[in-house]
Amino acid sequence: MYDVVMLAANPYRPGAGHQPPYLAGRHKEREAFSKLLDESVITKNLIITGLRGVGKTVLLESLKPVAREKKWLWTSVDLSESASVSEESLARRIIADIAIVTSEISIPLEQKQSIGFTGDEETTQQKLNFHFLVDYYSILPGLVSDKLIALFFFVWTILEQHSVKGVVFAYDEAQTMSDRAESNQFPLSTLLVIFQSIQRKNIPFLLVLTGLPTLQTKLIEARTYSERMFTTLTLGSLTPEESREAIVTPLTQLQPKALPLPEQTPLVFSEKSIETIILTSGGYPYFIQFICKEAYDALSQKIIDGVAVSVPIEAIVTKLDEDFFAARWLKATDRQQDLLKLIANLDKSEFTPKDILESVHSKTRPFKQAAQVIKMLGDLTESGLIYKNKRGVYSFAVPMLGDYIRRNYCNNKTLAS
């Protein structure tokens, strides 16, 4: 199935947020971000959303050099639920992020008279590190949002003296944040309030949030005006041309000129193999990296062992099922798995409870009440297997999960090709 020249190090990097050897596509997304940085006044922030495996984190990292080239500072972190335990926990998270870009900047703190007869005055320099910013924040009056807005204003008065155009606050996995009305804590609302307020004061602090499709719904529920605060980039699968680049370019980058031994040249996938990888991966960046890495490793080993070179795509798909899909599938109960099978057999990118109830398959299963189906869809949403968009329509939250279910658990088992 694969044409082979000789051996070289495997260039593919599947993993959670691992930078691939070559970022295929996403040119329009980077251009959209660049335009936001060029605006004289920030009127829009940025949301990058999409399913697992579409390359949200990788794209986010690729935006950092774009920002730095335009003289914007960049601070980023993966958000966790701990950041939204309370408004104060969010405040400490934000202060820590500010300190990353200010800790080497000093300001004159006070004038002191030196010891001796001359009475000369000395200037004490204070770095804007985390401890100083926390102390400054603690003495500010008002609510958490008031104090953070005042802190941002203070920090910007210093940064603008250092030829800084602005600061990008980039938060990955932002869908983990939420308000906690039961505890009277509203950290997500606070985050939106402070950035809207400082941007109205023409302070160039840009908010970039990356997360699963549920992120947008959470933002709107927290503050209805949030829809007007953001430009949304929804990442999907790569085009066939972009997928081809993701497959081929890492191989072309492993040329002999970069290797110490002339016999170390990369494996080369045949045209038929490339087409098969594109089709099997669905154009999802993570799947492309996974399939290519497994194919490369398997073929390399066969060459070393002196075995005829041939790796059936079925073997790689089976490993993908075990490594990526199986753990997610097992999160569902038996009843939920039965429902997921019905949904998979619909073979639709979006579905509603009505679609499920009207399915011919539902006649053989006890899913006949809308309330029961809606309750189970809610549970599956909580477990991260599906999500509900703002139009009230559901989709699988894991790319190609329907293919996996049909392939392994439905009567009409067919191998995705």
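**Questions on a predicted model**

Colleague: Where is isoleucine 343 placed?

Modeller: Isoleucine 343 belongs to helix H12, residues 334–346; helices (H or I, at least four residues) and strands (E, at least two) are DSSP runs, numbered from the N terminus. This is a predicted model, in which local features need pLDDT of at least 70, side-chain atom pairs count only at pLDDT 80 or more, and totals for chains, interfaces and linings use all residues. Residues are numbered from 1 along each chain as its sequence is written, and side-chain values use heavy atoms, with hydrogens and water left out.

Colleague: Why does isoleucine 343 count as buried?

Modeller: Buried means under 20% relative accessible area, exposed over 50%, and partly exposed in between (1.4 Å probe, protein chains only). Isoleucine 343 has 2% relative accessibility and therefore counts as buried.

Colleague: Which residues is isoleucine 343 in contact with, leaving aside its neighbours within four places in sequence?

Modeller: Contact means heavy atoms within 4.5 Å. With those neighbours left aside, Phe351, Ile356, Leu377 and Phe396 are in contact with isoleucine 343.

Colleague: What is the mean pLDDT of the chain?

Modeller: The mean is 84, and 84% of the residues reach 70 or more; pLDDT is the predictor's confidence in each residue, from 0 to 100. Over residues 256–265 pLDDT stays under 50. Where pLDDT is low, the predicted coordinates should not be read in detail.

Colleague: What makes the five strands a sheet, and in which order do they stand?

Modeller: Two strands pair if DSSP finds at least two bridges between them. Strand S5 (residues 166–172) and S6 pair in the parallel sense over five bridges, so this pair meets the definition. The open sheet has the order S2-S5-S6-S1-S7, with parallel pairing.

Colleague: Why is one side of strand S2 and of strand S7 left without a neighbour in the sheet?

Modeller: Strand S2 (72–78) and strand S7 (230–234) stand at the edges and each has a single partner strand, so one side of each lacks a neighbour in the sheet.

Colleague: Which residues line the largest cavity?

Modeller: Thr280, Val317, Leu320, Met400 and Arg407 line the largest cavity. On a 1 Å grid over the protein atoms alone, a cavity is a set of points where a 1.4 Å probe fits but cannot get out, and lining residues have an atom within 4 Å of a point. The volume of the largest cavity is about 40 Å³, a volume being the space filled by probe spheres set on the points, which are joined across faces, edges and corners.

How values were computed. On a 1 Å grid over the protein atoms alone, a cavity is a set of points where a 1.4 Å probe fits but cannot get out, and a pocket is an open set with protein on both sides within 12 Å along at least five of seven lines; lining residues have an atom within 4 Å of a point.
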